[in-house]
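Biologist: I am new to this structure. Could we go through its helices, strands and salt bridges together?
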Amino acid sequence: MNLNLPIYFTNKFLFTGDTHLVVIAYLMFIIAFILIVYSIVVLGKKRTIKKKQQQMTSEDLSNNAYQDALRILDRARADSLKILSRAQMKAQTVLKSTYSITQESRRELDENLIEIYKKQEKSLEDLTEELLQSYKHAVQQGKEDNIRTLYEATEAMKKEALSGVDELKTAIKKETLGAQQVLEEKIQTEYSKIENEVDIYKQEKIKNLNKKIFDMLSDIYSQVIMQDLDQTKHEKLILDLLKEEIRKSGIDHSINSVSEK
Amino acid sequence: MNEKLKPEFSRKTKDNILSILKTKENANQFTDFVKYLSGKTFSTEGFDIDKVVAKKYGGNIPFWLGGIKKDLVGNNDLECIRNFLLDIENIVDGSPLVRVEISFSPSEDFINSLYEVIGTLEVSGIDKNRFLIEFEINTNLGGGAKIHVGGKYIDVSLKKILVSYLETNNVIKRYL
């Protein structure tokens, strides 16, 4: 509830009642002082003017004027005192009334405050409740979002891992097959190489064995033949063999028949 | 060439001395004789080829002596004789050798025949009838011979012939 003092009890701006009355009292004093000063100054000026106008006259005039001035001054003084006292009284009256107004308004103010406080408390409680609810809701929402996100992330990672595993399996399979192939080829190559070497060795061995056999056989045959050969036949044999060899090799000038014994 | 010797004989002797000697063994004997003969040309008793030969060889005169004697008989120019002998000696010492490895001591006929056959070869360093044969007796050779002539090697040993025959006819596969 607002009083009819316009600017003071509003929702925006609050003064205490005492302060207001004091201000009014001070204003009254100031007004009174101003009036006093005014009267002194104005009267003074009038006096000065009169003094100037009646300067040329005689001393009586001046004395009368002085007397008038004094009377005016006294009257001004008295008026100012009256005004002052009047103002003071009024101020006291105002102060008294404001004191009672202050009590009243304080009481109303307190009641209003209490009501406002209660309202504020209620609205605060409502707000708090609302905030709590929205926070709970947000938390719940957040939790659900987190769970969903976590689930989605887990699923994505699982998918990623599985695809990675598949890729790895494919790569390993490919590499293994490739390595197996390479190894097979290598083994085949080595086997062929070794087979060739064994064949060569076998051939070499057989050749050596054959040579030994031939040597043995030729030794045997030589011994057998030599038993039947005398020197003449032997010499004839040598000459015949030499001629045959020369003919085969083609290193002769011409082959003449050799006279034999 | 020595003009005071009989020129046709001395030239012929020099051309044919190697074909007369044929073997290194004969050439060594010849060289000994030539040195001996050269020594005798310095003798104060005079030079008589027949006496020298008889003294050296008695009745066993080498066959190759005939050719030289023809050139030296009736010749009293000892200087000429010495030069001739020196020429022949140089020819013999510088002659190319053909090495023949056999398992027996060859007969003269064999040597003659072999010399003729080798003379037919077209091998560098070997001129027809201008070489000597050096025989090397190797009893382990068995039958046949091995001949080293002018950097070439001719193997006509019995073993080689037999081995070649056995290999050619693939005896092992066929019979063993």
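Predicted model: local features only at pLDDT ≥ 70, side-chain atom pairs only at ≥ 80, totals over all residues.

Biologist: At what angle do helix 3 of chain A and helix 6 of chain B pack?

Modeller: Helix 3 (residues 231-249) of chain A packs against helix 6 (residues 108-119) of chain B at about 0°, and their axes are 11 Å apart. That makes the two helices roughly parallel, a term for angles under 35 degrees. Helices (H or I, at least four residues) and strands (E, at least two) are DSSP runs, numbered from the N terminus.

Biologist: Which residues of helix 6 of chain B make the contact?

Modeller: They are B:Phe110, B:Ser113, B:Leu114 and B:Val117. Contact means heavy atoms within 4.5 Å.

Biologist: Changing topic, how many bridges join strand 3 of chain B to strand 4?

Modeller: Six bridges join strand 3 of chain B to strand 4 (residues 152-157) of chain B, and the two run antiparallel. Strands pair if DSSP finds at least two bridges between them. Here B:Ile147 stands opposite B:Ile154. The two strands form a hairpin with two residues between them, and B:Gly150 in the turn has a positive phi of about 55°.

Biologist: What does strand 1 of chain B pair with?

Modeller: Strand 1 (residues 97-102) of chain B is joined by three bridges to strand 3 (residues 144-149) of chain B, running antiparallel. B:Arg99 has B:His148 as its bridge partner.

Biologist: And how many salt bridges are there over all chains?

Modeller: The count comes to 13, where a salt bridge is a side-chain nitrogen of Lys or Arg within 4 Å of a carboxyl oxygen of Asp or Glu.

Biologist: Which residue does B:Lys159 meet in a salt bridge?

Modeller: B:Lys159 meets A:Asp219 at 3.7 Å, N to O. B:Lys159 lies in helix 7 (residues 158-168) of chain B and A:Asp219 in helix 2 of chain A, so the pair joins two chains.

Biologist: Is B:Glu89 buried or exposed?

Modeller: B:Glu89 is buried, with a relative accessible area of 12%; buried means under 20%, exposed over 50%, and partly exposed in between (1.4 Å probe, protein chains only). The side chain of B:Glu89 meets that of B:Lys35 in a salt bridge (3.7 Å, N to O).

Notes: Residues numbered from 1 in each chain as written. Chains lettered and ligands numbered in written order. Heavy atoms only, no water. Axes fitted to C-alpha atoms, helices over the stretch in contact; angles between N-to-C directions. Parallel < 35°, antiparallel > 145°, perpendicular 65-115°, else oblique.
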